[in-house]
Amino acid sequence: STWGHVSLPPMAERNIVTEDEWRKARVALLEEEKELTRRLDELAAKRRAMPWTQCAEYIFSTTAGDRVPFSALFKDPRKPLYVYHLMFSDDDERPCKSCSFWVDTLASSLPHIEQRANVAVIAKASPDKLAAAVAAKGWPFAFYSSAGSAFNVDFDVEMTDDDVAGKGRSYNFVRPPLWSGQMPGLSVFALADGHVYRTYSAYARGLEQVNGVYGLFDLLPEGRSETSPMDWLKHREDY
C-alpha cells in the first residue's frame, strides 16, 4: 500500500505485539526521550549564555522601496528580532521552496511568536520583486531587501565559487558551502543602547529546530521518508 508518495511495507513485516509489550517498549523509549529533553534544555541554556557581537549599520529597503536602518526592523525595541535569511534574488522566479516552507511555518505561528519577539525576513531580491513574491504568498510579516548592502555576505548566506572551492568563507561556520549564490539561515538579534547585536545564528540542519512540521513527521511510522532532503516538498500553492 502507499501513503502519499511513501510505500508502506506489508503488515507481515511489521512488529505486531500485545498491548503490554507495546507499553513496555514505549516506556523504554520514553526514558531516552526524557534524556534527550534534558540535554536540549542544557543546550538551550548554553545558547542563551552565548556572547553578543555588535553589527554593522546596515541599511535595508522595505517592499515599498523605503530605506530603513537595521534598528527599524525592531517594531518593538524591547523584544529581540528573528531574521530568516530567505534564498531569493532577482535571478530567481520564486523564493526557494525550502525557505518558503520555513517561512510558512513561521507565518502560521506569528501571533504567538510576536508575544516574545519581532520577526522579519531578509532577501537579496529587489524591493519590487520581493513585494510581488510576498503578495503572491500572502505572508503576513515584514520583508526587507538587502540589495546593495553586504548583509548577506557578512552573515554567510551569499557564497561565491571560491567559497565552494574552500578558498573563502564557510557555511554553517565550519565547512565550505555546497553551492554558490544564496543560502538559508536564521539569525537572532537584540537592540540595546541604540546598537544592534547578533546573539545567535543557525544554518543547514540547525534550522530544523524552528520547523514543527519535521517534528510531526518524525512521529509517523515511516518518519520523514526522504530519499534526498525535502524531495517531497513543493511550494504550498503547488500541492
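**Exercise 1. Cys99 and the cysteine sulfurs**

*Solution.* A disulfide is a pair of cysteine sulfur atoms within 2.5 Å. Step 3: Cys96 also counts as buried, at 17% relative accessibility. Step 4: the search of the whole structure returns zero disulfides.

The structure is a predicted model, in which local features need pLDDT of at least 70 and side-chain atom pairs count only at pLDDT 80 or more, while totals for chains, interfaces and linings use all residues. Residues are numbered from 1 along each chain as its sequence is written, and side-chain values use heavy atoms, with hydrogens and water left out.

**Exercise 2. Helix α2**

*Solution.* Step 1: helices (H or I, at least four residues) and strands (E, at least two) are DSSP runs, numbered from the N terminus. The protein chain has seven helices and 12 strands. Among the buried residues are Cys99, Phe101, Trp102, Val103 and Leu106.

**Exercise 3. The nonpolar cores**

Identify which residues of the largest nonpolar core touch the most other members, and which element gives the largest share of this core.

*Solution.* Step 1: a nonpolar core is a set of buried Ala, Val, Leu, Ile, Met, Phe, Trp, Tyr and Cys residues joined through side-chain atoms within 4.5 Å. Step 2: the largest such core has 31 residues, of which Tyr84, Leu86, Val103, Phe141 and Phe143 touch the most other members. Step 3: two or more residues each come from α2 (97-108), α3 (110-113), β7 (118-123) and α4 (127-137). The largest share, six residues, is given by α2. Step 4: with neighbours within four places in sequence left aside, Val103 is in contact (heavy atoms within 4.5 Å) with Tyr84, Leu86, Val121, Trp139, Phe141 and Phe143. Step 5: apart from this core lies another, of 21 residues, including Tyr58, Leu73, Val157 and Val196.

**Exercise 4. Aromatic rings**

Classify the pair formed by Phe155 and Phe189, and locate both residues.

*Solution.* Step 1: rings of Phe, Tyr and Trp (its six-membered ring) pair if their centres lie within 6.5 Å; planes under 30 degrees apart count as stacked, over 60 as edge-to-face and the rest as tilted. The count by this rule is 21 aromatic pairs. Step 2: Phe155 and Phe189 are 5.5 Å apart, centre to centre, with 75° between the planes, and the pair is edge-to-face. Step 3: Phe155 lies in the loop between α5 (151-154) and β9 (158-159) and Phe189 in strand β11 (residues 185-192), so the pair ties together parts 34 residues apart in sequence. Step 4: Phe155 and Phe189 are buried. Step 5: ring pairs join Tyr58, Phe60, Phe70, Phe151, Phe155 and Phe189 into a cluster.

**Exercise 5. Positive phi values**

Give the phi of Phe173 and of Met230, and state where each residue is placed.

*Solution.* Step 1: Phe173, although not a glycine, has a positive phi of about 75°. Phe173 is in the loop between α6 (161-164) and β10 (181-182) and counts as partly exposed, at 47% relative accessibility. Step 2: Met230, also a residue other than glycine, has a positive phi near 60°. Met230 is found in the segment after α7 (212-217) and counts as buried, at 17% relative accessibility.

**Exercise 6. The chain as a whole**

Report what share of the protein chain is buried and the box that its C-alpha atoms fill.

*Solution.* Step 1: of the 239 residues, 37% count as buried. Step 2: taken along the principal axes, the box is roughly 65 × 40 × 40 Å. Step 3: among contacts with a separation of 6 or more, 62% are between residues 24 or more positions apart.

Technical notes
Buried < 20%, exposed > 50% of the residue type's maximum accessible area, 1.4 Å probe, protein only.
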